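Colleague: Hi! Could you walk me through this model when you have a minute?

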Amino acid sequence: MQHGPVLAVHNLKRSFLQGGERIEVLRGISLAIAPGEIVALLGPSGSGKSTLLQAVGLLEGGFEGSIRILDEEAATLDAAERTRLRRDSLGFIYQFHHLLPDFSAVENVILPLLIAGAAQADAENRAAQLLGTLGLGARLHHRPSQLSGGEQQRVAVARALANRPALILADEPTGNLDEATADLVFEEFLRLVREEGGAALVATHNERLASRMDRVLRLHEGQLHDVTAQIASGQLPVLDPRIGTLDAMVREFHQLQTAADRLPPDDFDRRTADLWRAVDGYVSRSDAQ
Ligand SMILES: Nc1ncnc2c1ncn2[C@@H]1O[C@H](COP(=O)(O)OP(=O)(O)O)[C@@H](O)[C@H]1O
Ligand SMILES: [Mg+2]
């Protein structure tokens with residue numbers, strides 16, 4: 001049983017070069033997550049949520065500062081140790097399901113269990129049980145293309161939880177679904193994470209979904225702010241969306257256009273959708289003023 005935090009981040013910094021200009025996305029972030037705690041990472045598109053999750057998920061280097069997962073310092077791990085830590089202790093859910101298209105729902109969930117060394121029969125039982133809990137008992141042998149968007153994300157949730165990770169990292173896990181479906185899938189996701197006892201860091205730009213979690217941290221101008229109390233009382237201060245936003249959006253559109261041929265289609269679609277959503281938010285807020 002883990003007693004200390006499952007995740008401890010200290011003074012994390014990350015910047016990117018964009019067209020010769022250095023953009024400081026994370027400017028010295030610190031946070032700790034206790035076992036079983038579910039934390040929302042709130043912030044508009046472009047605020048750096050995915051950058052933070054990717055660093056914490058040991059998916060990308062290039063940052064300064066300390067990331068400790070279950071008391072292991074990421075920077076001191078070699079590639080094999082990082083892989084082991086990710087496989088045994090982390091679960092990932094993305095906005096798009098990233099399920100393997102040629103495998104059935106149950107096979108997609110079995111795979112990480114087998115990779116972690118589970119026996120075939122145990123893996124099948126665990127996968128079927130998880131999918132059953134998520135209401136997919138009658139869809140076990142469907143392929144992703146035969147499932148609805150909400151069902152696909154439920155499979156992705158089951159896959160992320162299969163190995164009982166101590167920490168689940170979810171990047172807008174229902175951001176690709178219509179509002180009603182998103183609410184349903186999100187509630188099931190929270191219920192299951194609580195039942196299984198995992199901790200989670202969940203990126204969202206949705207304040208209503210954020211309010212369902214134990215703690216809410218807002219990422220703004222590269223810093224994290226605890227806004228749990230404001231969210232609970234409906235008093236979250238509205239940030240001026242115009243500060244730096246239009247420049248950043250225009251830059252990102254240009255960057256996306258020039259990268260269109262190099263990016264995997266899923267990535268391109270996701271980033272384009274993110275950007276349009278941000279533009280919609282920007283325009284509607286500007287109109288209201
Ligand atoms: N690989 C990268 N190269 C250059 N800039 C990047 C890269 N990844 C992210 N960024 C920039 O960092 C900022 C934050 O991006 P991101 O973490 O994806 O935000 P969010 O997930 O909150 O929408 C954006 O301005 C984005 O353009
Ligand atoms: Mg993102």
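Modeller: Happy to; we can go from the overall fold to the ligand and then to a sheet. Keep in mind that this is a predicted model.

Colleague: How many helices and strands does the chain have?

Modeller: There are 10 helices and 10 strands. Of its 289 residues, 36% count as buried.

Colleague: And what share of the contacts with a separation of 6 or more comes from residues 24 or more positions apart?

Modeller: That share is 72%.

Colleague: Now the ligand. Which residues are closest to ligand 1?

Modeller: F16, S45, K49, S50 and T51 are the closest, out of 15 residues that surround ligand 1. By type, the shell has 8 polar, 4 nonpolar and 3 charged residues.

Colleague: Which element gives the largest share of that shell?

Modeller: That's α1, with 3 residues. At least two residues each come from α1 (49-56), β1 (7-18), β2 (21-33) and α9 (245-259).

Colleague: Where does ligand 1 lie relative to the domains?

Modeller: Between domain 1 (7-99 + 165-239) and domain 2 (242-289), because both contribute residues to its shell.

Colleague: Switching topic: in what order do the strands of the open sheet come?

Modeller: The order is β2-β1-β4-β5, four strands with antiparallel pairing. β2 and β5 (72-73) are at the edges with a single partner strand each, so one side of each has no neighbour in the sheet.

Colleague: How many bridges join β1 to β4?

Modeller: 5, with β4 covering residues 64-69. In one of the pairings, A8 has R68 of β4 as its bridge partner.

Colleague: And where does α1 lie?

Modeller: Across β1, β2 and β4, at about 120 degrees to β1.

Terms used
Residues numbered from 1 in each chain as written. Chains lettered and ligands numbered in written order. Predicted model: local features only at pLDDT ≥ 70, side-chain atom pairs only at ≥ 80, totals over all residues. Buried ≥ 20, exposed ≤ 12 C-beta atoms within 10 Å, placed from the backbone. Contact = placed C-beta atoms within 7 Å. Near = placed C-beta within 6 Å. Nonpolar A, V, L, I, M, F, W, Y, C, P; charged D, E, K, R; others polar. Domains from an automatic or database assignment. Pairing = 2+ DSSP bridges. Axes fitted to C-alpha atoms, helices over the stretch in contact; angles between N-to-C directions.
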